[in-house]
Amino acid sequence: MSFRIARIGVHPLAIPFREGFRHHLHDRAGSDAIVIRVEDADGLAGHGEGLPRPYVTGETVESVMMTLSGSGLERLLNLDWPDVHGVSDLEAIDALLGDLPAGPGVRAAHAARSALEVAILDLALRRSGISLGEILPAVRNPVIYSGVLTSTDPSRTVELAMQMAHLGLKDLKIKVGDDGDVARVKAVREALGPDIRLRLDANAAWNLETATERLQALEEVAIASVEQPLPVAQDGHLPELRRRTSIPVMVDESVVTEDDAARLIETKAVDILNVRISKQGGLVRARRLALTALQAGVGVQIGAQVGETAILSAAGRHLAAHLPEVFAVEGSFGTLLLNEDLTAQTIRFGHGGRGPRLTGPGLGVDVLAERLARWRRES
Amino acid sequence: MNLVIRLRERLARDREAFLAHPAFQAMEAGTAPSSAYVRLAGRIARTHLHSARFLAFLVAVSPPSAFEALRDNMLEELGEHEGEPSHADMLREGLRLAGLGPHLDTWEAEALSDLDTRVQEPLLHGSLRDLGFSGLVEVVAFEDFLARTTGRFAALLEAHGGWPPDALGWFHHHSEVDLQHAEEGFSHVAAFVAHHRIPDDEAWMLIDMALRGNVFLARYLDWAETGAGATV
């Protein structure tokens, strides 16, 4: 059995954050998510989401809107999409969707593709009346999320770390990338003691020498990983960095496509890949990439987009619950970060970072149309 | 520094940031679009139409020395005290007189939806003590805020939002009454900390989490950006 998409709605959003979010490459005060709503002829709807990141895929809100307003979308209305009963149907939808054209300056139109792909999967699953979790069964429940510390002020970073520990989080990521990195990370470790896992994320702030210096200075404080220590253009230095430090090296911005992953694995450049659905161009590709990495002995973190809504968080929850191994899981901040989320169900994790398995049809969250309208970005 | 003094300073800082925010300044100056005044009214409604239910939870977990005052506060909110209408009904009446009656069903539903969300979402805190204290801090924060700002809210709504004077009862009531509640509230915070023997540094951590970001901006001017560079 198959179905056709009758309507596609594109909803660029602007949802303010409760607090700003900062890292080396960007300051962010609100969500710039783009939500796609696809409907079948009966009016049944599925929703997907992507968040453009110029410093990752080259996409901007404008470029995504351009991609999604082109005649390419009309093609999707004339395709026969398979109903979903197994993983092979997910793969078939991925193949049918194909690649979206990347405009000028865009490396891969993955945020746009993620929004479309997740929406089509959600609709297909809802048509079959089944949860994504029935196709991708959970091997862990709950999913345990980690926290993230973005402050550059040492005392504030420690305060926030203590708060997160008080909320039961056992795994924290510290954004680094300035001269105060070493002192700040050591202060956090001293305050938290040895039982909390600490990861670092440099967002490409360092070069090989700086990374070596900082990481060697931090080896004594038990760091579980360092994410994207070098700019993407310096991926060639990653094998050398791995030789210079015992701290496992993770990449994020460096791994956008499945070819990127193959290259990084082949050159033994990484210990862990940060897999994010929007960045990878959809759930199916994210899953495939993650499984490829795990089969090669490379770890996988299921990451998130800062400012993602419950739609993408739900897709991430399913993926994180399903994979045989995950190094760490991020996201599901919900209204901890957004002033309002889009769905009837809450997606935010609870004490200890616990996010329960989602069991409702499709992604397991129902988008409220009035909230899509309320947070629509003004052009 | 004394915990209550520190809390007062924090609330004053957040209040000043709210009043200085360009979105609020534009409404006071009358340069905001008319839709902003409607949205502000909607946010006030969504925040307060069913807030008395939350007080019931606080009464349940209150320390003995604060129990009666919190119970009386809740009964007053519910209109079960000295024959006064409930605060929610005062607000509903004001919204109708301001011509916003057609929005009321939507705002009621949103307020109830928020209550549902608070009930269904996984608890972040590890104990009812922490959850109750966080709730108390939030209630005290809003009582203090309203007591000191509702006069300005009323003035801008009357001058630029099309509200007639007789629609502003809820605002005037809060500016007169909640200063007393706010002052009582600070003593309830101190009583809660003392009763449960919460160390000051831990109590401050809970306060800081309860007031994360600027709760007044998040609640009343939800469309206004808090500004990049602050930290999560």
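This is a predicted model: local features need pLDDT of at least 70, side-chain atom pairs count only at pLDDT 80 or more; totals for chains, interfaces and linings use all residues.
Me: Before we start, two residues are in contact if their C-beta atoms, placed from the backbone, lie within 7 Å. Which residues of helix 7 of chain B does helix 3 of chain B meet?

Reply: Residues are numbered from 1 along each chain as its sequence is written, while chains are lettered from A and ligands numbered from 1 in the order in which they are written. Helices are DSSP runs of H or I with at least four residues, and strands are E runs of at least two, numbered from the N terminus. From helix 3 of chain B come B:Gly42, B:Ala45 and B:Arg46, and their partners in helix 7 of chain B are B:His103, B:Trp107, B:Glu110, B:Ala111 and B:Asp114.

Me: At what angle do the axes of helix 3 and helix 7 of chain B cross?

Reply: Axes are lines fitted to C-alpha atoms, for helices over the stretch in contact, and angles run from 0 to 180 degrees between N-to-C directions. The axes of helix 3 (residues 34-48) and helix 7 (residues 101-120) of chain B come within 8 Å, crossing at roughly 45°.

Me: Which domains does the assignment give chain A, and what distance separates their centres?

Reply: Domain bounds come from an automatic or database domain assignment. For chain A it gives domain 1 (2-129 + 370-374) and domain 2 (135-355). Their contact takes 40 residues from domain 1 of chain A and 33 residues from domain 2 of chain A. Elements giving two or more residues to the domain 1 side include helix 3 (87-97) and helix 4 (110-128) of chain A. Taken over C-alpha atoms, the centres of the two domains are separated by 23 Å.
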